[in-house]
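Here's a walk through the model you have open. Keep the viewer handy and follow along.

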Amino acid sequence: MGEYVQMIIGFILVNNILLMQYLGNCPFLGTSKRMETAVGMAMAVVFVLVLAGVITWVTEMYLLKPLGLEYLRTMSFIVVIAALVQFVEMFLKKSVPALYTGLGIYLPLITTNCAVLGVCLININEEYNFLQTIVSSFGYSTGFGFALILFAGVRERILLARVPKALQDTSIGLVTAGMLSLAFFGFKGMI
Amino acid sequence: MAKTLTQEFVKGLWAEIPPFRLVLGLCPILAVSKTVENAVGMGIAVIFVLVCSNILVAALRKIIPSKVRIACFIIVIATFVIVVELLMQAYTYPLFLKLGIFIPLIVVNCIPLGRAEAFAYKNGIAASAADGLGLGIGYAMSLTVLSSIREVFGNGTFLGATVFGPSFQPFKFMVEAPGAFVCLGLMLCIMNAMGKK
């Protein structure tokens, strides 16, 4: 048990996927302008990434490996993720409309979120077992959500500040992300 | 016709240079710009994928039904990404190891998908090829510039060769994650200042 707790803390703080591994930066900058959208995106990513991590792991172990088709990994994973996102969207619309209205518009965006495919590939490359796959998918996606919400909070304050014209929007966003990343740097060596 | 082809090519180099003007494909830009060598390798891989996928999408644009076009684009792009991955594994193995996960991630790098949707699906093969080549080179150029800055200041080297004298203290901040964000942000700022005439 302790090993898994350590893994989760490591994925959230030390190896934060956004700020340390540079994955998923497009939605990071795109959806962080308002707190509401950031929370929606963060929840959608946690939800989909855990499911996608499990399903791609099963695909790899029971479909690609026995058939010797590992070279098709990239393509099959992206197709599986796209289908999964579509399926989750339809399922939520029918059975949990409240959650659907919350996550709705962020779900289709997740297909091209490189954090999702990235974590699925990391799980395979690191040769995690089934339980470790669940833990790492959960840890990474929580880290993504955590950093995204923190960043949205900072960015809402920037809206009130007077920023030079050339630095506005994405530019100041990136510099701020750098500062946030510097703060997360302090966790390095903790585990 | 020749003139418009040139225009399609040139716009990718400055007017629509991908990471700065379109703010697409940021993750690999940040991750592989630690050294110039990685950046050039990644740039070439992206050019290849972008040109090939643009050509194929343009060639198939009359056959692909518009309702499932995104899925078709992704499959086309994934095919070429696998080709690049296997080629790099076979011929440039050390570089393949260094770029690691970021080669398969070209699939979800928004640039090829964005160009397929915004350009190749509506235009002919030659124009799409020119568009892909221009944007690909623009992308590779910005990667190279960013990685040059980071490698020279962060490590004191350029393509592995030492630039400064032995007394130079490398500015480690630049090669680590925070430096990547700050450096890209400042480059974007300079581009904004220059672009507004």
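Going from the N terminus, chain B runs α-α-α-α-α-α-α-α-β-β-α. That comes to nine helices and two strands. Keep in mind that this is a predicted model.

How does the radius of gyration of chain B sit against that of a compact globule? For 197 residues, a compact globule would come out near 16 Å, and chain B has 18 Å, which agrees. Along the principal axes, the C-alpha atoms of chain B fill a box of roughly 60 × 45 × 30 Å. Of the 197 residues in chain B, 44% are buried. If you take the contacts in chain B between residues at least 6 apart in sequence, 75% of them join residues at least 24 apart.

**Where the chains meet**

On to the contact between the two chains. Chain B puts in 35 residues and chain A puts in 31 residues. Which helices of chain B supply at least two residues each to the side that touches chain A? They are helix 3 (26–32), helix 5 (69–91), helix 7 (110–120) and helix 9 (177–195). Helix 9 of chain B gives the most, with eleven residues. Sorted by class, the side of chain B that touches chain A holds 29 nonpolar, four polar and two charged residues.

**Two helix pairs**

Two packed helices are described by the angle between their axes and the distance between the axes. Here are two pairs, one from each chain.

| Helix pair | Angle between axes | Distance between axes |
|---|---|---|
| Helix 1 (residues 2–14) and helix 8 (residues 130–158) of chain A | about 35° | 7 Å |
| Helix 4 (residues 36–59) and helix 5 of chain B | about 145° | 9 Å |

In chain A, helix 1 passes helix 8 in a right-handed crossing. From helix 1 of chain A, the contact uses Tyr4(A), Met7(A), Ile8(A), Phe11(A) and Ile12(A). Helix 8 of chain A answers with residues including Val135(A), Phe138(A), Gly139(A), Thr142(A) and Phe146(A). By class, the residues of this contact split into nine nonpolar, four polar and no charged.

The crossing of helix 4 and helix 5 of chain B is right-handed too. On the helix 4 side of that contact you'll find, among them, Phe48(B), Val49(B), Cys52(B), Ser53(B) and Leu56(B). Helix 5 of chain B brings residues including Phe73(B), Val76(B), Phe80(B), Val84(B) and Met88(B). The class count for this contact is 13 nonpolar, one polar and no charged residues.

**A closer look at helix 4 of chain B**

Helix 4 of chain B has 24 residues and spans 34 Å from its first C-alpha to its last, close to the 34 Å expected at 1.5 Å a residue. Is helix 4 of chain B mostly covered or mostly exposed? Mostly covered: 17 of its 24 residues are buried.

Val51(B) lies in this helix. Val51(B) counts as buried because it has 23 C-beta neighbours inside 10 Å, and the cut-off for buried is 20 or more. Setting aside neighbours within four places in sequence, Val51(B) is in contact with Ala129(B), Gly132(B), Leu133(B) and Gly136(B).

Now try Leu5(B), found in helix 1 (residues 2–11) of chain B. Leu5(B) has 17 C-beta neighbours inside 10 Å, so it counts as partly exposed. Beyond its neighbours within four places in sequence, Leu5(B) is in contact with Ala126(B), Ala127(B) and Ala130(B). Its C-alpha lies 34 Å from that of Ile101(B), which is 96 residues apart from Leu5(B) along the chain.

Most residues other than glycine have a negative phi. Tyr22(A) has a positive phi of about 55° although it is not a glycine. You'll find Tyr22(A) in the loop between helix 1 and helix 2 (25–30) of chain A. Glu127(A) also has a positive phi, near 55°, and is not glycine either. Glu127(A) sits in the loop between helix 7 (114–125) and helix 8 of chain A.

Buried or exposed? Tyr22(A) is buried, with 25 other C-beta atoms within 10 Å. Glu127(A) is exposed, with 7 other C-beta atoms within 10 Å.

How values were computed
Residues numbered from 1 in each chain as written. Chains lettered and ligands numbered in written order. Predicted model: local features only at pLDDT ≥ 70, side-chain atom pairs only at ≥ 80, totals over all residues. Helix = DSSP H or I, 4+ residues; strand = E, 2+ residues; numbered from the N terminus. Rg over C-alpha atoms; globule rule 2.2 N^0.38 Å. Buried ≥ 20, exposed ≤ 12 C-beta atoms within 10 Å, placed from the backbone. Contact = placed C-beta atoms within 7 Å. Nonpolar A, V, L, I, M, F, W, Y, C, P; charged D, E, K, R; others polar. Axes fitted to C-alpha atoms, helices over the stretch in contact; angles between N-to-C directions. Left-handed = near helix turned anticlockwise from the far one by under 90°. Expected span 1.5 Å × (residues − 1).
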